[in-house]
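Subject: Structure handover

Hello,

I am passing this structure on to you. Please open it and keep it beside this email as you read.

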Amino acid sequence: MTSVTVSNKEITSKQLGIMLLALIGLGIAGGIAISNLMAEGHAAYNSSNLGLFWGFPIVIYDYFLLTSTGLAMIASMALIFGGEDFRPIVRRALWLALAGLIGGVAVLMMELGHPLRALWAIPFSFAFSSPLYWKVMAVSFYVISLLILQARMMKADWRMQDLRINAMITLALALGVTAIAGVVYGSQSFRPFWASGDIPVAFIFESLLGGLAFIIFFTYLAYAFNAAAVPDSVKRLFNDRLSGLLALAIFIHLLFVLARMSSGLYGNAEGLQVWQTLATSPLFFAEIFIGLLLPLVLLMYPGTRIRPWAQILASLLVMNALLISRYEYIIGGQLVPLFKGSWAPELLSYAPSPTEWLLLLVAIFLSNAVNAFGEVTLGLGREG
Amino acid sequence: MAKWGMVIDLDTCTGCQACTTACAMENNRLPSENWQDVLFYHEGTYPNVKLMWFPRPCMHCENPSCVSVCPTKATYKDPDGGFVLMDYNKCIGCKYCQVACPYGVRFYVDEKAVVQPDIRGVFPSEAGRQWDPPYKGPQDDPSRGIGIQPHGVVSKCTFCYHKVSKAPKGVADLDEDIPELKEYVPACVRVCAPKARFFGDLDQPNSNVNKMIADKRGVRLKDETGNKPQVYYLSGGATASVPSLRSMSDSDKG
Ligand code: SF4
Ligand code: SF4
């Protein structure tokens with residue numbers, strides 16, 4: 001492979017372009033979404049009092065939150081165990097974790113009935129019995145730990161061993177946030193589709209998978225998908241370690257999904273019948289075959305695994321598969337109405353409204369803008 | 001300290017929905033957001049079809065999952081009376097309580113109206129509330145979820161807290177047939193024409209509700225959730241019964 005030298009200036013100008021595009025996208029998507037919300041209020045969402053209370057915005061929020069924690073887990077584990085090989089991606093992963101989180105939380109705030117009230121009402125409630133209370137508190141400390149870690153790496157000569165304690169705290173918080181997110185759903189014992197002790201663990205593997213896919217994709221994006229411009233140290237890391245880890249994470253996630261599906265199809269518990277609808281849907285097939293198996297093949301096959309296009313494609317497909325996975329889990333758990341009465345049909349139907357799709361774009365554009373801002377101002381590729 | 005509870009005799013209930021209507025009047029409910037609903041469904045396939053109905057208020061659980069999940073303590077258990085209430089001033093509208101209530105009895109106020117036309121548009125509020133109907137109850141206590149709701153919060157049945165909490169201390173049962181107590185009886189109980197509903201103190205062994213639960217083997221809905229409802233159902237199986245299923249399988253569609 002030929003290697004070309006790309007100046008920092010060139011990368012910065014490309015990132016400025018990405019930031020500008022993201023900001024324009026954010027302005028358009030956010031503007032329309034906000035005007036829809038001002039005109040229609042909460043009715044702009046397709047959730048309802050029939051039983052589907054948490055719709056697409058919650059899916060988006062949890063998707064971005066869990067990829068954020070996955071990125072933080074990868075960065076902090078790299079700092080604790082990984083050694084210098086991982087140096088080129090650590091700062092980018094940490095910044096990306098923050099950027100993704102900002103996109104996800106922004107969407108959540110637009111869905112909450114009283115977002116500003118939440119800022120004081122949750123921390124001062126001391127509602128220790130609520131998983132959401134723990135989740136919010138853990139996310140707050142998690143953000144602080146991300147910022148501290150990033151700040152300590154601002155010096156060009158930062159040393160991995162100096163950051164171990166910070167990295168351990170970040171890792172613990174990232175694991176905590178992810179596990180608590182799993183408890184929010186997994187503890188709902190009367191919703192068998194959700195309830196399972198393995199959900200927090202499944203969420204941790206999903207997060208890792210998302211983190212790996214994101215760091216590979218966004219590193220290439222940092223070089224405007226010009227593989228020749230990517231430093232050799234990064235290429236080496238991707239070819240030797242990260243593509244293998246991505247393949248392993250896909251495999252583990254696939255096992256969790258298929259195991260849940262098979263017990264869902266066999267089980268008779270009320271609520272599990274959703275699996276019969278879900279497992280035959282085109283979305284599910286797309287998730288399994290295109291989103292997970294195809295990337296797995298690309299990354300396992302020696303001829304393709306070291307190809308930048310294969311790594312980019314695999315990451316992109318995995319990112320989509322995880323969104324579908326999150327959607328199916330959160331929406332699927334609510335499709336059986338708790339009580340079937342005059343108002344509720346057998347299975348509820350739900351599709352995101354145009355405003356809800358716009359919120360996905362809001363999260364994507366906002367996260368990309370913040371990420372590009374970091375690339376431009378913090379020199380995240382400096383270690384490459 | 002009282003622990004108020006309700007007994008609903010399904011053998012007597014005719015599914016007339018007077019309770020739903022009375023609750024809607026008393027608490028200014030919106031169509032389809034019935035704090036007290038009667039659910040209608042059918043079981044079996046033709047020709048063995050049975051029309052079923054099931055009255056279902058908030059259960060005011062002893063161990064309410066809606067309370068334990070609330071991240072702001074906006075939903076709380078009133079120690080004096082055992083009501084499960086909402087503080088509209090603390091609710092952030094996260095809907096976790098709706099997701100966590102196994103009985104599906106909570107409503108988010110700003111959802112798209114299930115029943116059209118959307119009456120909120122017909123009587124819009126200028127005071128930041130959900131709507132401004134021509135008749136509204138005089139009670140207003142947002143810290144207990146009483147009165148017309150503000151935007152962005154979840155609502156639920158209060159067991160007519162504004163009536164029951166004013167009852168003379170120590171009464172065992174609130175019965176609409178006792179003239180001096182009838183003002184304190186929850187609206188759904190008071191209007192029940194076939195007298196299928198009873199309301200009393202579950203902490204008083206001699207209360208009529210306790211005796212009925214014992215004599216007619218009262219059951220609680222979805223008791224396996226551990227929520228321990230303070231609403232008990234009596235059922236001899238002649239008419240409506242406590243449904244064992246939340247939804248019907250395909251063969252039951254009819
Ligand atoms: S029925 Fe639902 S809303 Fe009512 S107290 Fe029980 S859990 Fe809470
Ligand atoms: S919607 Fe309101 S009452 Fe329900 S859990 Fe959230 S804050 Fe608590």
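Below is what was found, taken topic by topic.

Before anything else: this is a predicted model.

**The two chains together**

Start where chain B meets chain A. On chain B, 51 residues are in contact with 47 residues of chain A. Between them the chains bury about 4100 Å². Of that area, 58% is on carbon and sulfur atoms.

Polar contacts cross this interface too. The count is 22 residue pairs, both residues at pLDDT 80 or more. Four elements of chain B give two or more residues each to the side that touches chain A: S2, helix H2 (65-69), helix H3 (96-100) and strand S6 (107-108). S2(B) gives the largest share, five residues. By class, that side of chain B has 26 nonpolar, twelve polar and 13 charged residues.

How many salt bridges are there between chain B and chain A? The count is one. Lys95(B) forms a salt bridge with Glu111(A). Their closest N and O atoms are 3.3 Å apart.

Strand S2 covers residues 37-43 and strand S3 covers residues 50-56, both in chain B. They pair in the antiparallel sense over seven bridges. One place to look is His42(B), whose bridge partner in S3(B) is Leu51(B).

Ligand 1 is surrounded by 15 residues. The closest are Cys58(B), Met59(B), Cys61(B), Cys66(B) and Cys101(B). By class, this shell has ten nonpolar, three polar and two charged residues.

Ligand 2 is surrounded by 13 residues. Here the closest are Cys70(B), Thr75(B), Cys91(B), Cys94(B) and Cys97(B). The shell divides into nine nonpolar, three polar and one charged.

**The open sheet**

Chain B also has an open sheet of four strands, in the order S8-S9-S1-S10. The pairing is mixed. Why do S8 (173-174) and S10 (231-234) each have one side without a neighbour in the sheet? They stand at the edges, each with a single partner strand, so one side of each is left without a neighbour.

For S8(B), that partner is S9 (residues 197-201) of chain B. The two pair in the antiparallel sense over two bridges. Asp173(B) has Gly200(B) as its bridge partner in S9(B).

Over to you.

Definitions and conventions:
Residues numbered from 1 in each chain as written. Chains lettered and ligands numbered in written order. Predicted model: local features only at pLDDT ≥ 70, side-chain atom pairs only at ≥ 80, totals over all residues. Heavy atoms only, no water. Near = heavy atom within 4 Å. Nonpolar A, V, L, I, M, F, W, Y, C, P; charged D, E, K, R; others polar. Pairing = 2+ DSSP bridges. Contact = heavy atoms within 4.5 Å. Buried area = accessible area lost by both parts, 1.4 Å probe. Salt bridge = Lys/Arg side-chain N within 4 Å of Asp/Glu carboxyl O. Polar contact = N/O pair within 3.5 Å; in protein donor to acceptor, adjacent residues only side chain to side chain.
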